[in-house]
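Hi everyone, thanks for coming.

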Amino acid sequence: MSRPMEVKLVGGLLCYTLTRTMMARQLPSAKMFGGENADGWLGPWFSDTCLGILTPFAIYGAFTGKGVVAWGLLLSFNVLGAYDYANGLLAQYLHPQVTFMGDPAPPAAVIYGSIGLGCLFQIINVILLLQDASIQFFVKTRVD
C-alpha cells in the first residue's frame, strides 16, 4: 500500500518545525539568566527546543512509519506542537520579546506571523492525520 499524499504532506509541513531548535539560543535572554526578555518565555523556548530536536524523528515517521503506533505518535506530536505554538502566541501577547538572538526583537507582526504559521501547519497536520486515507494507511500497514 503506497503512502497517501496526506501523510507525505504531514512530513513536508513538519520541516518548518525544525526552526524550533534555534530557540535554545534564546534561553539565556530570559531575565532569570540576566537577559532582557520576560521569564514567561522560558517554558515556550524550552519546549520549542525539545520539540525541535524531536522533529527529525517525526519527519522520518511521516515518510517511513508504519502501523497504528506511528500514526498515534505523529498525531500526538502535532497536537502537542500546536498547543506549544499557541502557548508562544500567548507569551508574546503577555510579554512581548525585547531581544531576539542577541539583537532587538523584530516587529511583533513578524513574531506573531512566525509562531502563527507554525501553529497553522501543526493544525493542518492534525487534520491531515485524521483523514480517512491517513488512518486507513496506518491501520493496514504492519510493522515487521
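Leaving aside its neighbours within four places in sequence, which residues is Leu14 in contact with? Contact here means heavy atoms within 4.5 Å. The partners of Leu14 are Thr55, Ala58, Ile59, Leu74, Phe77, Asn78, Gln122 and Asn125.

A quick word on the source: this is a predicted model, where local features need pLDDT of at least 70, side-chain atom pairs count only at pLDDT 80 or more, and totals for chains, interfaces and linings use all residues. Residues are numbered from 1 along each chain as its sequence is written, and side-chain values use heavy atoms, with hydrogens and water left out.

Now find helix α1, residues 5–14; helices are DSSP runs (H or I, at least four residues), numbered from the N terminus. In α1, Val7, Val10, Gly11 and Leu14 are buried, meaning under 20% relative accessible area, with exposed being over 50% and partly exposed in between (1.4 Å probe, protein chains only). Seen down the axis of α1, these buried residues fall within an arc of 95°, so they line one face of the helix. That arc is taken from the directions from the helix axis to the C-beta atoms. What do the buried residues of α1 pack against? They pack against α2, α3, α4 and α5.

Let's finish outside, with Tyr93. You'll find Tyr93 in helix α3. Is Tyr93 buried or exposed? At 61% relative accessibility, Tyr93 counts as exposed.

Technical notes
Helices (H or I, at least four residues) and strands (E, at least two) are DSSP runs, numbered from the N terminus.
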